[in-house]
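Colleague: Please take a close look at one part of this model, the contact between the two protein chains, and describe it in a connected account. I would also welcome a description of the ligand site and of the overall build of the first chain.

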Amino acid sequence: MNDLNFFQFVASRSDELIGLTVQHVQITGLAVLLAILLGVPVGILISKNKKVRSPILGIANVFQTIPSLALFGLIIPLLGTGYVPSVFVLFLYALLPIIKNTFIGINSVDEAIIDAGRGMGMTSKQILTKVEIPLALPVIMGGIRISTVINIGTATIAALIGAGGLGEMIFKGISMASNNMVLAGAVPTALLAISVDKLLGMFETKLTPEGITSQKDNQV
Amino acid sequence: MIELVNITKSYDGKTNVIENLNLHIDKGEIVVLIGESGCGKTTTLRMMNRLNDPTSGTIMIKGEDYTKISKIELRRQLGYVIQKVGLMPHLTVGKNIEMIPELKGWDKKKRKDRAYELLELVDLPPEDYYDRYPHELSGGQQQRIGVARALAVNPDIILMDEPFSALDPITREQLQKELLKLQDELGKTIVFVTHDMDEALKIGDRIAVMKDGKILQYDTPEEILKNPANEFVEYFVGKDRLWKSPEMLNANDIMHKSLVTVGQKRSPAQVIEVMKKKDMELLFIVEKETSKPQPPIGYITRKNLKEQEDHKVKMSEICNKDFISVHQNANMVDVLKIMEENEIRYLPVLDDDKNLIGMITTASILNIITKAVAVKEEENK
Ligand SMILES: Nc1ncnc2c1ncn2[C@@H]1O[C@H](COP(=O)(O)OP(=O)(O)OP(=O)(O)O)[C@@H](O)[C@H]1O
Ligand SMILES: [Mg+2]
């Protein structure tokens with residue numbers, strides 16, 4: 001098998017690779033989706049409530065700083081191996097950028113605009129849904145984009161605890177000392193990350209309200 | 001219509017930004033709040049729609065304690081033009097104006113008709129502006145949208161925080177007229193904050209001059225002009241108005257106040273010394289050199305002194321006692337006429353008791369002109 005060049009190798013394993021890629025997308029997709037569902041509301045919460053702001057950002061920061069390999073290792077005694085713990089760890093990683101960007105996005109809406117809204121008689125909820133969220137959307141999208149891209153890379157490590165995905169090909173390749181196999185896992189991962197980044201970037205532009213042009217590059 | 005009773009406001013719990021303020025505003029009148037930056041105009045305005053709550057005191061709107069109705073309801077009854085404009089950048093001009101009508105459930109046609117009507121009112125052709133975004137407008141145009149937005153649901157009371165400050169004089173005047181018309185036709189009650197005394201005098205039925213969180217005087221424009229309650233009001237009214245009408249400037253405004261005089265017992269050598277030091281050609285002689293104003297005895301020029309041979313002679317003996325002076329209230333036009341007709345470059349200014357209190361020179365007039373130009377330039381910015 002080592003005699004095949006990379007492209008021939010990929011061609012010979014295309015079915016398996018497609019399967020792994022789909023799996024990869026599923027894991028990261030689910031993890032990011034969950035992170036959005038929790039992270040955006042939490043980001044909004046901490047933009048409104050100063051008391052809980054630093055504890056929550058602190059906790060989210062801690063998860064971000066634990067090396068991913070260690071976190072995957074630590075999760076095994078708690079949740080075992082396989083799909084669920086992998087998604088859970090990836091979810092934890094995705095959380096911080098989403099929380100942080102939501103917070104920053106909402107927090108950086110010009111006070112005068114909110115003031116005008118309040119002064120006209122908009123309720124807090126109306127201000128949130130009609131003013132703050134639309135204006136923060138590009139920044140929130142930026143956070144989601146970062147989370148997703150990081151997660152696509154990190155998800156390869158999840159293969160170690162049996163999550164599947166393109167990481168499986170990489171680790172198999174390492175143990176068999178097959179460069180082709182490592183590359184066959186790594187290259188699609190990179191391509192996936194790049195194309196998802198582009199895609200989300202386009203989505204971000206589309207979500208940016210027409211009236212604002214300057215907020216697009218505000219991601220953190 | 002609006003009644004503020006014993007209002008005190010503190011943001012930090014220590015210093016009172018507003019102190020024991022009382023203000024009664026009748027239905028259909030335009031009340032102007034005016035005062036220097038930081039005196040509490042915005043704070044006062046924002047307490048009327050409960051964007052700020054007073055620390056103590058009560059506010060009545062339409063005869064009722066305004067805490068009895070919900071903040072949201074209250075604010076929708078009061079139009080509000082905020083100082084920083086605050087248009088929603090993600091919404092078109094039309095959608096900005098229609099925000100509250102939409103939240104109130106007006107149908108689409110009614111909203112749009114209203115927005116068109118208001119755009120006409122603030123002189124921005126609706127066909128051109130309805131679909132634009134705020135960032136595509138100049139500061140002045142944005143301000144006008146801010147005004148239009150505040151009028152959207154036709155509130156009886158409108159609070160306006162320096163709504164015309166970013167407009168050029170012509171547009172500003174036009175909108176001032178529109179505002180007066182609006183109030184005339186629709187009987188709106190308007191609370192209007194400004195820095196500009198001209199604007200206040202033009203549109204105010206009553207003017208509240210504020211300083212350090214207090215109202216110093218609350219009166220009609222005439223009363224404020226003719227009978228300012230205290231020095232600050234006088235200064236505040238005068239300072240701004242002065243430059244705009246030269247006939248309002250008097251000798252007192254244009255004279256040098258730091259006066260150099262010499263006592264009558266001085267010798268020629270001493271006086272020459274003073275002249276050299278102060279770079280003056282002419283000095284007025286008084287009885288004693290004190291800071292207290294006293295009547296001038298006469299004047300002496302450098303030329304007089306140089307021609308003088310007797311070195312022991314006193315100023316009182318050689319000074320020119322025949323001189324022209326003006327009263328401090330003489331207006332600038334007269335002052336200039338006197339100086340021109342008599343070909344003099346130094347004109348002493350006297351108070352009611354004929355004491356010398358200042359000196360008008362060509363330099364001091366030049367000074368005034370420079371200041372007036374500077375004020376004008378600042379305005380034009
Ligand atoms: N939100 C706030 N928190 C703390 N202090 C405030 C706040 N808003 C205003 N102040 C202070 O209250 C005082 C009055 O401010 P205010 O904005 O009412 O002045 P103003 O008369 O409207 O001034 P300007 O002409 O500059 O708009 C100022 O000293 C200001 O620093
Ligand atoms: Mg103000």
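Modeller: Between chain A and chain B, four residue pairs are in polar contact, with both residues of each pair at pLDDT 80 or more; the model is a predicted one. The count of salt bridges between chain A and chain B is one. This salt bridge joins the side chains of D115(A) and R46(B), with an N to O distance of 2.2 Å.

On the side of chain A that touches chain B, the elements giving two or more residues are α6 (111-120) and α7 (124-158) of chain A. Of these, α6(A) provides the largest share, namely eight residues. By residue class, the side of chain A that touches chain B comprises ten nonpolar, six polar and four charged residues.

As to its extent, the contact draws 20 residues from chain A and 22 residues from chain B. The size of an interface is often expressed as the accessible area that is lost when the parts come together. Here the area buried between chain A and chain B is about 1900 Å². Carbon and sulfur atoms account for 67% of that buried area.

The chain that contributes α6(A) and α7(A) to this contact may be described next. Chain A contains nine helices and zero strands. Read from the N terminus, its elements therefore follow the order α-α-α-α-α-α-α-α-α. Along the principal axes, the C-alpha atoms of chain A fill a box of roughly 75 × 40 × 20 Å.

There remains the ligand site. Ligand 1 has 13 residues around it, and those that come nearest are S37(B), G38(B), K41(B), T42(B) and T43(B). For G38(B), a polar backbone atom is 2.8 Å from an oxygen atom of ligand 1. Side chains of chain B also approach oxygen atoms of the ligand: a polar side-chain atom of Q83(B) lies 3.0 Å from an oxygen atom of ligand 1, and an N or O atom in the side chain of E162(B) is 3.5 Å from an oxygen atom of ligand 1. On its own, ligand 1 has 640 Å² of accessible area, and the protein covers 59% of this. The shell around ligand 1 is made up of three nonpolar, seven polar and three charged residues.

Definitions and conventions:
Residues are numbered from 1 along each chain as its sequence is written. Chains are lettered from A and ligands numbered from 1 in the order in which they are written. This is a predicted model: local features need pLDDT of at least 70, side-chain atom pairs count only at pLDDT 80 or more; totals for chains, interfaces and linings use all residues. Side-chain values use heavy atoms; hydrogens and water are left out. A residue is near a molecule or strand if one of its heavy atoms lies within 4 Å of it. A polar contact is a pair of N or O atoms within 3.5 Å; within protein, one must be able to donate a hydrogen and the other to accept it, and residues adjacent in sequence count only if both atoms are side-chain atoms. Accessible areas come from the Shrake-Rupley method with a 1.4 Å probe; for residues, only the protein chains shown count as cover. Ala, Val, Leu, Ile, Met, Phe, Trp, Tyr, Cys and Pro count as nonpolar, Asp, Glu, Lys and Arg as charged, and the others, Gly among them, as polar. Contact means heavy atoms within 4.5 Å. Buried area is the accessible area (1.4 Å probe) that two parts lose on being put together, summed over both. A salt bridge is a side-chain nitrogen of Lys or Arg within 4 Å of a carboxyl oxygen of Asp or Glu. Helices (H or I, at least four residues) and strands (E, at least two) are DSSP runs, numbered from the N terminus.
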